[in-house]
Amino acid sequence: TFRSKLGQEEKKPGTIKPPTPDQEMTAGQRDQRASRLKQRQKALLVTEISGIENLLRTTPKGAPDRVTIARRLAEAYVELENAAFREKVQAEIDRDAAKKTNATLAGQKQAAADQAGKVMVNARKQAINYYTLVKNEYPNYPQLDEVLYYLAYEHEQGNDYPNARKAYYELIQKKPSSKYIPNAYLAFGELFFNEAQGDPSKWDLAAEAYKKVIGYPPPDNKVYG
């Protein structure tokens, strides 16, 4: 059945295809974290993250505000991830502009892009670690649905589709009334859509997932369009 397929890992990797246009166009709707909208410098973020990590280390496990600190740390890493991504893109643009006229500068910009890429990947891993901490240690956290959704989203951004699928499915199973349920079904639709390009049997699953999305009416459903 459709629901049984949602929780399964893809066993056969298939050919990697370009992302669908919808993944780019719906990014603003799918990621509604305030951290995505901020554009602070990396140095400021690194300093802030260091302070929050120290605070988390010195906060007892039973303290009521520990979960808030862990969540704040996850989203600080998301902000760092976004800052590094912007830096990487700009460095690549500068590299391409310099290629024909200044090979040395082009090489420097490539090195800067590579470094920013490493920071981005590392920051994403740390965000996943702290979202996972909240999920595992605070199962009664009132915003657990948001944590599960963004945990899945970060896995998806890192192309870790099996773990993205697991987290989205966990959200659907544990928090069926969450406002993020349409977003989770949209994610399944996109994942099945990509898989269908190498495995046509997945087209029906993609269509079924998209139908689930529009089963939730706007304006609460931000991805209905």
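With a relative accessibility of 7%, A91 counts as buried, because buried means under 20%. That's a handy place to start in this predicted model. A91 is found in helix α6, which covers residues 66-98.

What does A91 touch, once residues up to four places away in sequence are set aside? The list is K109, A112 and A113. Another residue to look at from here is Q110: A91 and Q110 sit 19 residues apart in sequence, and their C-alpha atoms are 6.8 Å apart in space.

Now step back and take in the whole chain. Of its 225 residues, 44% count as buried.

Next, zoom in on helix α8, residues 144-157. Its 14 residues, at 1.5 Å each, should span 20 Å, and the C-alpha atoms at its ends are 20 Å apart, so expectation and model agree. Is α8 mostly covered or mostly open? Mostly covered: 13 of its 14 residues are buried. Just after α8 comes N159, which takes a positive phi of about 60 degrees.

Helix α8 also packs with helix α7, residues 103-137. Two packed helices are described by the angle between their axes and the distance between the axes. For α7 and α8, the angle is about 150 degrees and the axes are 9 Å apart. Angles over 145 degrees count as roughly antiparallel, and therefore α7 and α8 are roughly antiparallel to each other. Their crossing is left-handed.

Which residues meet where α7 and α8 come together? From α7 there are R124, I128, Y131, T132, V134 and K135. Facing them in α8 are L144, V147, L148, Y150, L151, E154, H155 and Q157. If you pick out these residues in the structure, you can trace the contact between α7 and α8 yourself.

How values were computed: Residues are numbered from 1 along each chain as its sequence is written. This is a predicted model: local features need pLDDT of at least 70, side-chain atom pairs count only at pLDDT 80 or more; totals for chains, interfaces and linings use all residues. Side-chain values use heavy atoms; hydrogens and water are left out. Buried means under 20% relative accessible area, exposed over 50%, partly exposed in between (1.4 Å probe, protein chains only). Helices (H or I, at least four residues) and strands (E, at least two) are DSSP runs, numbered from the N terminus. The expected span of a helix is 1.5 Å times one less than its number of residues. Axes are lines fitted to C-alpha atoms, for helices over the stretch in contact, and angles run from 0 to 180 degrees between N-to-C directions. Angles under 35 degrees count as roughly parallel, over 145 as roughly antiparallel, 65 to 115 as roughly perpendicular and the rest as oblique. A crossing is left-handed if the near helix is turned anticlockwise from the far one by less than a right angle, and right-handed if clockwise. Contact means heavy atoms within 4.5 Å.
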